[in-house]
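Here are some notes to read alongside the model if you are new to it. Keep the viewer open and follow the points in order.

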Amino acid sequence: MKVSGYQMFWLINISSMIMVSYLPIQLAAREARQDCWISMLLGSLVMLAVTWIMLRICMQHKDKTLVVFIKDLLGTVLGKLVVFVYFLLWFMQMAMIAKGMAEFQSLVMLHNTPMLFVLVCMLFLVAYAVYRGGITAVSRCAEVIGPFFVSVLFAQLFLNPQGMDMKRVLPVYYDSGWYLILKGTFYSMNYLVDPSIILMLFFFAENKRTAARGIMWGTAVAMAWGVITTLVLLFVTGPRMAAEMIVPVYSLTKFVSILNFIQNIDAFFIPLWLLGAFIKLGVGLFILSYGLSQWTGIKNWKLIACLTTVVWLAYLLYSGHEIRLTNTLRSLFLVGGLYPFAYIVLPLLFWLIGSIRQHRKSSGSPS
Amino acid sequence: MNALSIDIEVNEAHLRQQFEDCSDIVFRSFKLSDGAMLLLVYLDGLTHVQSVEDNILRPLLFNGLPQGEKPVPSLAERMKREWLPLANVQTVDSSDALVQHILRGSLGLLVNGEAAALIAQIPGFEERSIQEPKKEATLRGSKEGFVENLRTNTSLLRRRIIHEDLKMESFTIGSYTQTEVVLAYVKGLADENVLSEVRKKLGQIDMKGIIDSAYLEEWLEGSSYSIFSQIQNTERPDIVAASLLEGKVTLIANGSPFALILPITFWSGLQSADDYFERFVFVILTRAVRYAMTFISFALPAIYVALSTFHPEMVPANLMISIATARENSPFPTVIEVFIMMFIFDALQEAGVHLPNQLGPVGSIIGALVIGQAAVEAGIISTPIIIVISLTGIAAFTIPRYSATMPFRLTRYMILFITGFLGFVGFAYGIIFLLIHLVMLESFGTPFFRPVAPFDGRRIKDIFIRYPFWIKNGRNKKGGQQ
Amino acid sequence: MKRFFMLLCVLLMVTPCVSGCSDFVEPNQLAFVIGTAVDQVQDGSIEVSLQVVIPSQLQKGNSTNSESFIVISAKGRDVFEASQNIQRKIPRRLMTSHRILIAIGESYFQKNELNLLFDKLARDPSNTLRDVVILIKGGRAKDFLRLKHPMEYVTSLAASKEMNINGLQDFTSRQLVIDSLSQGTRPLVPVFKVEHKTVSSQKKSEGIPVFAGFAVLNKKLKPVGFLNDTECAGASWLAGKGMFQGITMPWKNGKGMLSFRLSRLDRSIRSVRGQDPKQVVLAIKAQAYLLENTASLDMTDMNTVIDVQKYMNAYIRKDLQATVNKVQKSGSDVFGIGEYLHRKHPIWWKRQRDEWDANFKTVQVTVKSDIQLRSVGVIGGELK
């Protein structure tokens, strides 16, 4: 299973864009109003930096996955514990996207169809893809879906020229101030991308250099899209309405109306978004099951993928009843604790230890 | 392996016994002036009788054996060396081989006193002349098509690729039909792995007979359960020649005017030979139309169902009201109606294939009048659905190869089914499922969806827009590297 | 494993068939709502009326003699409840996402605040927010929907087309929601009234809806003033929204009239130099084309042309200034001056925004015009 740099670009790009389109814009807009694009921009820069750090770590351990190299860095017991944090993180993200998808479908399109059925079908497809070809299948799907997905998502931003009023983002800064802008960044940036998936994915890269470039570009394009979308959203609806919308990207597609006939392009947007979510979930399931198989020592990761899907489905069904579990997105524990820990503190630590080791090795070997 | 006897009588009796109850076998024995006994054996209808009379019987009977400068040990050998004015002559010394050759239309000549037989190929059976291929007509380009005769077909290729690296390996397959199959490739261009895999698989075929190259197709395919055929068939020598130059491998079976090309990708089914004969700018348009229509050919009924019954809010108001107006009195649910119409369309198509030519108009009258007009006027079928289904049907015909349309005709039902339950969500699920299948499918080691997935920047130049040849080869027109 | 997957596949397919839950609705089980009317009734609840097209009547040739739509009304405490009550009365599922127009009766907006209505509009995903919101003056909105239009098959369509053709595109409910949410702009809502005129020679017409100006709403979306026919063109120009097409003015000496077509209308807000936020200039720009000239002016004369341009500018300026003064008196900033000041002087604005309606009255607004006479038509002087 090898992934080329081009495929890596699409994998990272689609998963990031799915993340961006789902939560952060709304979180940022709620705090920073018309300055939420600054929050998004800052968040994007932070996330790009984090991605860069992750890539540095990966470059230090080119031929190992996260599970393996963390054992070298922190020792078996501690390493396994830390990896488990990442497993939990990925699992939560998968659950969040799958749940968000199903809920969105039942809100917008399918009011009577049981959510279970929508979910089961999606999870079946994801599991099937991972079972059939692991990351190869997912990445090949990604490069087919990618060009359509990205071009439609970019194009729909500019399909509403008569509704746009650039002045709606003004005045910059004065209404919110740094505190609110940073607060918006703080909440939204954790849901912008998931940089930690790189730690697993990079192992499968065919050519490490092009893969690294693909990952950086993929993240950057998704981030650019996020910022532009936020701006366009402000142009079209103004800050007040943007802050109130639950799924702003979807609402944006609803406003498109060209010649009074090309309207409701949400009909095309929703299937496309589903295709993107499929990629995101596929990547998640693959790295989670592959990581788990290395973690537990069970060779058959395909079996683990199937089992994980079952657990995942069970969790989704359970959390569907427990309304409190669904509202954890803004909880301080996650936003202030887990995410920064997993995205910033741990990678920096890995990088530090890795660098020291490397340094010691290179200075130690000649003597 | 039983050797021929010296005694011609024994040989004749043996042959007569082998060809018992074969009414088309001819034995002609005669005696020369010097007392030599000769026997001619051939199958009537496979051998050119006139030529046998002119070249063998007449000189032998009237002139006797010519006297050479030196006597040669065997009469048959002498005849072959000095005397028979035929190109393809050989000797065999087993009766089984003799039978095999006779069965393939050769003339057997036995001479008394020699344990060998002379085999002369004087084929004289009726065959179809080279005609324009009907199924893959093009506007421009060669009008030649393959015929049933293997040698004619290989000659058509040889005339196009005049190079000694064009190899043609021969295999004989089928315990009864003994069909000759030729594996043609250009050495140096074709992938050795593909070749060895094909050779291996050809060796494994165990069947009574290969009636058509289609039999081979099923034996050779890797994923037999896939709805997509992983081998292309064509009647056009120019397509085969072009494919050979692309490094592909071709199989030609005797008795079938269809050559098999492998490995192929998803896109080769959507490309027509005309694409390479017309101006490349125009081809960009035709390809765009073709790809769009391909999508329509499997997705439109599902999209219609999803839009009109699941998400009517997504259709512009005026359009939705006119659809609702047309469907006001329909007795069936939309899905069922679409399904019925799709079924009828496929039925008409199937009937059209089997209808004798004289009855063709009857079929179209029944189809168009009874099902089209009457059903709409009776209010059983609504007009938008007729439009949707006919557009879908037309769309499938823009795919240049008939066998490439079939997967789409099947997926049409599949996607309609899931869309009938989940609307656009189901549609997306159907597409994802199809996509997973397509990207994981391989044709002899080549990913089926290449060059889109996995991406191949060099090859993709020939997928969506056809680059002119000089760009495709990475050169500018004046011959220098770009 | 493969067999297991196959089995799973089949099960997946079978589940929905068995459960029978589906969102499948045939088009002939739907009632397409084209217009909605909201009225106040005596007991304090509201009455919602829906104009629903009858598809079978729209089929070829049928529309001439029978009604192509029905109007159904029901009462309720809020819009949703009333809609539910309507749903109970008709055999098809109501489909509001193709709605073109929302008409609000005079009785409703005299007593209530409109922002209660718009919560439902923005929250329900089935609303496209592309429909037009109008007020009906002098009558119930329900009666407006019941009218039969001589040209279009429903009055809602007629009203929205009428607005479109007269350059009033920007009055969708989305715009209304955005305007009402922003602090420095107050919305303008088009007002229609029913005019009883005979337009058809065959039968007596019940009346046709006519555009009758704008209502000026305050922060709570309660109408605080009306602009009549003549003022509204200027008001929408000044608000940067609709475009009005022509203007007719008497010539200086009172003899004869001049008519112009105006195009490329533009508006900008500026602070007067000196950084005093309370002094604002509304500058308007346009290009004028002389269409009719009964004042016997010789337009081949350069001086006359310049004279006409000057006079036209002054006339329009005076006209618009009067409109501005009237709007200002009502205290509703429909021009978006507050929004401008918000952007220009954000810190000053923070003190002002809570009582902007009152403060707006104290702002000194001046209209400046720059209208260029582009063409005098295809004849120079008067035809004699």
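1. A word on terms before anything else: a residue is called buried when its relative accessible area is under 20%, exposed when over 50%, and partly exposed in between. Please also keep in mind that this is a predicted model. With those cut-offs, Glu103(A) at 37% relative accessibility counts as partly exposed, while Lys99(A) at 11% counts as buried.

2. Glu12(B) forms a salt bridge with Arg16(B), and their closest N and O atoms are 3.1 Å apart. Because they are four residues apart in helix H1 of chain B, about one helical turn separates them. Glu12(B) is buried, at 18% relative accessible area, and Arg16(B) is partly exposed at 43%. Elsewhere in chain B, salt bridges that share partners tie Glu144(B), Arg159(B) and Arg160(B) into one network.

3. How many salt bridges does the structure hold over all chains? The count is 24. One of them joins Lys183(A) to Glu31(A), with the closest N and O atoms 3.5 Å apart. This pair links distant parts of the chain: Lys183(A) belongs to helix H7 of chain A (residues 177-188) and Glu31(A) to helix H2 of chain A (residues 24-32), 152 residues apart. Lys183(A) is partly exposed, with a relative accessible area of 27%, whereas Glu31(A) is buried at 9%.

4. Now have a look at where chains C and B meet. The contact involves 23 residues of chain C and 22 residues of chain B. About 2,000 Å² is buried between the two chains, and carbon and sulfur atoms give 67% of that area. On the chain C side, Phe24(C), Pro27(C) and His98(C) supply 26% of the area this chain buries against chain B, more than any other three residues. The rule finds one salt bridge across this interface: the side chains of Glu26(C) and Arg327(B) meet at 2.9 Å, N to O.

5. Is helix H8 of chain B largely enclosed or open? It is largely enclosed by the rest of the structure, because seven of its nine residues (the helix spans 237-245) are buried. Among the buried ones are Pro237(B), Ile239(B), Val240(B) and Leu244(B). The buried residues of H8(B) pack against several elements of chain B, including helix H5 (150-160), strand S6 (166-173) and strand S9 (249-253). After H8(B) comes Gly247(B), which has a positive phi near 95°.

6. Next, a hairpin. Strands S1(B) and S2(B) form it with five residues between them, and Gly35(B) in the turn has a positive phi of about 90°. The two strands run antiparallel and are joined by seven bridges. Within this pairing, Val26(B) stands opposite Tyr42(B) in S2(B).

7. A few backbone details in chain B deserve a check. The peptide bond from Leu262(B) to Pro263(B) is cis, with omega near -10°, and Pro263(B) lies in the loop between strand S10 (259-262) and helix H9 (280-310). The bond from Arg450(B) to Pro451(B) is cis too, with omega near 0°.

8. Two residues other than glycine have a positive phi. For Asp21(B), phi is near 65°, and the residue sits in the loop between helix H1 (8-18) and strand S1 (25-31) of chain B. For Phe444(B), phi is near 50°. Asp21(B) is exposed at 77% relative accessibility, while Phe444(B) is buried at 8%.

9. Last, the surface. Leu170(A), Val172(A), Tyr173(A), Tyr174(A), Trp178(A), Leu182(A) and Ile347(C) form a nonpolar patch there, with about 640 Å² of accessible area together. Ile347(C), from helix H12 of chain C (residues 346-352), counts as exposed at 53% relative accessibility.

Conventions: Residues numbered from 1 in each chain as written. Chains lettered and ligands numbered in written order. Predicted model: local features only at pLDDT ≥ 70, side-chain atom pairs only at ≥ 80, totals over all residues. Heavy atoms only, no water. Buried < 20%, exposed > 50% of the residue type's maximum accessible area, 1.4 Å probe, protein only. Patch = residues over 30% accessible without salt bridge, like charges linked within 9 Å, V, L, I, M, F, W, Y side chains within 5 Å. Areas by Shrake-Rupley, 256 points an atom, 1.4 Å probe, with all protein chains shown as cover. Salt bridge = Lys/Arg side-chain N within 4 Å of Asp/Glu carboxyl O. Pairing = 2+ DSSP bridges. Contact = heavy atoms within 4.5 Å. Buried area = accessible area lost by both parts, 1.4 Å probe.
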